[in-house]
Amino acid sequence: MAGKPKLYYFDGRGKMESIRWLLAAAGVEFEEEFLETREQYEKLLQGGSLLFQQVPMVEIDGMKMVQTRAILNYIAAKYNLYGKDLKERALIDMYVGGTDDLMGLMLMFPFLSAEDKEKQRAVIVQKATTRYFPAYEKVLKDHGQDFLVGNNFSWADVHLLEAILMVEEKKSDVLSGFPRLQVFKARISSIPTIKKFLEPGSQRKPISDDKYVATVRRVLLMY
């Protein structure tokens, strides 16, 4: 029997958080090794574990996988969260891609100055409420189903909930004009594996703080 997947990253969200979300949604237990020193990172590099010299890296099923999207694709397919046919998979890819664009606006947020954070916060909320959330509200309205694709729980639902919660951290009432997304948020959050991941003490990471930023800068020599 294969061991638990092992995640190599910092003790914070970054690009690994969506991987944690998807594994948790699938009910898969995983281990983590947090990078805290440059020496740890260089050891992974010298050992040939990081194909493109970057993290995230996940050990799973005898592979050392890098590239976030490749890791997510594999997990989604392995645990039946990637649709039942090619058309559903294409829709999931499309929705995940849109959500990624929104989440990309938040990736470097912890590393910004206080002034730039306020500017970026406004951009995030504006893009969420005028481009991305209206699109998903329309998808849910048009097909009248509980989930984004095929009326089955999929990676697209997991990714969208993660993004919604991240934007709500920037503006708590951001869903006020999106009644279907409010229902969607409640529904997906109540799925047992997701509910467990949202509870205190899980491996979900909090909002990135100054300690996380300092660690990333130190390990990756971002000065």
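Predicted model: local features only at pLDDT ≥ 70, side-chain atom pairs only at ≥ 80, totals over all residues.
Local features require pLDDT of at least 70 and side-chain atom pairs pLDDT 80 or more, while totals for chains, interfaces and linings use all residues. Residues are numbered from 1 along each chain as its sequence is written, and side-chain values use heavy atoms, without hydrogens or water.

The domain assignment gives domain 1 (6-79 + 198-220) and domain 2 (86-190). Such bounds come from an automatic or database assignment. The domain centres, taken over C-alpha atoms, are separated by 22 Å. The contact (heavy atoms within 4.5 Å) takes 21 residues from domain 1 and 19 residues from domain 2.

The largest nonpolar core has 72 residues. A nonpolar core is a set of buried Ala, Val, Leu, Ile, Met, Phe, Trp, Tyr and Cys residues joined through side-chain atoms within 4.5 Å. Buried means under 20% relative accessible area, exposed over 50%, and partly exposed in between, with a 1.4 Å probe and protein chains only. Ile19, Phe133, Leu148, Phe153 and Leu181 have the most contacts inside this core. H6 gives the most to it, with 10 residues. Beyond its neighbours within four places in sequence, isoleucine 19 contacts Leu7, Pro56, Val58, Thr68, Ile71, Leu72 and Ile75.

Pockets and cavities were computed on a 1 Å grid over the protein atoms alone. A pocket is an open set of points with protein on both sides within 12 Å along at least five of seven lines; in a cavity, a 1.4 Å probe fits but cannot get out; lining residues have an atom within 4 Å of a point. Points are joined across faces, edges and corners, and a volume is the space filled by probe spheres set on them.

The largest pocket holds about 900 Å³ of space. Its lining has 39 residues, of which Tyr9, Arg13, Gly14, Lys15 and Leu107 lie nearest the centre. Of its 13 lining residues, Ala24, Val28, Glu29, Lys196 and Gln203 lie nearest the centre. H8 gives the most to that lining, with four residues.

One cavity reaches 30 Å³ or more. The largest cavity has a volume of about 40 Å³. Arg13, Glu17, Trp21, Glu162, Met166 and Arg204 line it. Helix H1 (17-25) and helix H6 (155-170) each give two or more of these residues; helices are DSSP runs (H or I, at least four residues) numbered from the N terminus.
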